[in-house]
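Colleague: I have a chain to look over before I set anything up. Can you walk me through the model?

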Amino acid sequence: MRNVYLYRGLGGLVILASIVYLVVDRWLMPRATRQHAVVRVPDLVGMPVEEAVELLVNQAFELGDTLELFDPDFDGTHHRQIIDQNPKPDAQAKPGRRVFLYLPRETSRDVLVPYVVGQSKRNARARIESVGLVVSAELPDTLPNHMAGPVTRAVPRAGTRLTRGDSVIVFYGTGPDPGRLVEMPDLTGLAVAEARQRLNALELSAAVLDLVEADSAAAIDARIQRQIPEAGSLVPAGTRISLFTSPPN
């Protein structure tokens, strides 16, 4: 007999639990979560932020993060309006759903001119265009240079902040004019780096013949002891000048 009462008690608990589950699942949970309430997401595109937020609140939606998107037509001179939203207009959503708004980002002064000195004209153009700028001209550089072909400078210079779509002029080296004679300066006593700079300014190049490059201390402290050709000689532009950092034996 005891087993009969036990089974009856367990059966009663199972029935009671089933009733509680049905009440919670079919009545309490739908009311708490508003499971069957679905409303249309309003179209907020073109509205000022304040107006869009007010409309969302009135229709029981929540405001999500306000984000920014690049807009080539926005110049920052007029009031910003919503350009996109998530969920999209007319989407079906539950009340309380978060709606994310997207505003245009001002584009002025948001691009840096890249450093392209020493690159080929093709690579320089690709690098400049990759950041949203335009190469308006490629011109031979009128400044003295000993490089023929590679880019010598850009105008505006590297690091200048511009607007997307702005123009950059690229200058390339034409190399030295071999018909022009240059008087050799006296380079003795100068540091190697300074001697190179002096020669480059005259459209000459340097060949340091006895500097041990692996010895960093020697490279830093080395100074020119003699040169070929000697100071005062006339040489064609583009000539490679031999420099020695040790005195003659």
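Modeller: A term comes up below, so here it is: two strands pair if DSSP finds at least two bridges between them. Keep in mind that this is a predicted model.

Colleague: Which residue is the bridge partner of Arg226 in β15?

Modeller: Start with the strands. β13 covers residues 226-228, and β13 pairs with β15 in the antiparallel sense over 3 bridges. In that pairing, Arg226 has as its partner in β15 Phe244.

Colleague: Do β12 and β15 run parallel or antiparallel?

Modeller: β12 spans residues 205-208 and β15 spans residues 240-244. They are joined by 4 bridges. Ala207 stands opposite Ser242 of β15. The sense of the β12 and β15 pair is parallel.

Colleague: Which element of the chain has the lowest mean pLDDT?

Modeller: The chain averages a pLDDT of 78, with 71% of its residues at 70 or more. Among its elements, β13 has the highest mean, 93. The lowest mean is 53, over residues 216-221, and belongs to helix α5.

Colleague: How many contacts beyond four places in sequence does the model have for residues 212-217?

Modeller: Check the confidence there. pLDDT stays under 50 across residues 212-217.

Colleague: What percentage of the 249 residues in the chain is buried?

Modeller: The chain holds 5 helices and 15 strands. Its accessible surface is about 15800 Å², and carbon and sulfur atoms account for 55% of that. Buried means under 20% relative accessible area. By that cut-off, the buried share of the 249 residues is 27%.

Methods
Residues are numbered from 1 along each chain as its sequence is written. This is a predicted model: local features need pLDDT of at least 70, side-chain atom pairs count only at pLDDT 80 or more; totals for chains, interfaces and linings use all residues. Side-chain values use heavy atoms; hydrogens and water are left out. Helices (H or I, at least four residues) and strands (E, at least two) are DSSP runs, numbered from the N terminus. Buried means under 20% relative accessible area, exposed over 50%, partly exposed in between (1.4 Å probe, protein chains only). Accessible areas come from the Shrake-Rupley method with a 1.4 Å probe; for residues, only the protein chains shown count as cover. pLDDT is the predictor's confidence in each residue, from 0 to 100. Contact means heavy atoms within 4.5 Å.
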